[in-house]
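Please look through the sequence and the structure shown here before reading the notes that follow.

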Amino acid sequence: MLVLVVAAVTWREARLLPPAPYDPLGPKAFPIGVSVALAALGLAMLVRLLIGRSLGRTATSMVVGLEAAAGQARRPWTAAGTLLLAFGYAGALSIRGVGFLPATAVYLFLSGVLLGPLAGRRVAAVAAFAVAAAVMLDLLFRVLFRLDLT
């Protein structure tokens, strides 16, 4: 249900964006596309739940040698933390003084730290990945898509 709410809010906010004189699609195209995809996935999940099918169970493991009886530990606080980080990232991007590059690097770093165990070398690797990925995403949007992210 939350997916449908996020999709509706994204679609509504994207519709309010002004048209761009240099781009025939405008800045609305990408967020509207994402909101339509989110809505479709949310509806598919809702239909599965309504007909009694589970969303989170699998018959086999994706990891070779991992028996189904072993199971995986559920970590609801990790899921909640990841959701809060995503909201914080979206909020940071909406602040004029915060740029795309630092906000993305911080978001990726904190997500990586949250998702795995804290160890000296792992934290350094996550930091290196976060900075490299943020720079690559910045270049992708600026060079390939010709979007000004400031």
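Predicted model: local features only at pLDDT ≥ 70, side-chain atom pairs only at ≥ 80, totals over all residues.

*Packing of H4 and H5*
- The axes of helix H4, residues 100-115, and helix H5, residues 120-144, come within 8 Å and cross at roughly 145°, and this crossing is right-handed.
- Residues on both helices make the contact, including Phe100, Leu108 and Val113 of H4 and Val126, Ala130 and Phe141 of H5.
- Sorted by class, the contact of H4 with H5 contains 16 nonpolar, two polar and two charged residues.

*Buried residues of H4*
- The buried residues of H4 are Phe100, Ala103, Thr104, Ala105, Ser111, Gly112 and Val113, and they pack against H5 and also against helix H3, residues 76-93.

*Aromatic pairs*
- The structure holds two aromatic pairs, one of which is a stacked pair of Tyr89 and Tyr107, with 4.6 Å centre to centre and 20° between the planes.
- Tyr89 lies in helix H3 and Tyr107 in helix H4, 18 residues apart, and the pair thus links distant parts of the chain.
- Tyr89 counts as buried because its relative accessibility is 18%, which is under 20%, whereas Tyr107, at 21%, is partly exposed.
- Phe100 and Phe141 form an edge-to-face pair, 5.8 Å centre to centre with 80° between the planes.
- Because Phe100 lies in H4 and Phe141 in H5, this pair ties together parts that are 41 residues apart in sequence.
- Phe100 is buried, with a relative accessible area of 11%.

Definitions and conventions: Residues numbered from 1 in each chain as written. Heavy atoms only, no water. Axes fitted to C-alpha atoms, helices over the stretch in contact; angles between N-to-C directions. Helix = DSSP H or I, 4+ residues; strand = E, 2+ residues; numbered from the N terminus. Left-handed = near helix turned anticlockwise from the far one by under 90°. Contact = heavy atoms within 4.5 Å. Nonpolar A, V, L, I, M, F, W, Y, C, P; charged D, E, K, R; others polar. Buried < 20%, exposed > 50% of the residue type's maximum accessible area, 1.4 Å probe, protein only. Phe/Tyr/Trp six-rings, centres within 6.5 Å; stacked < 30°, edge-to-face > 60°.
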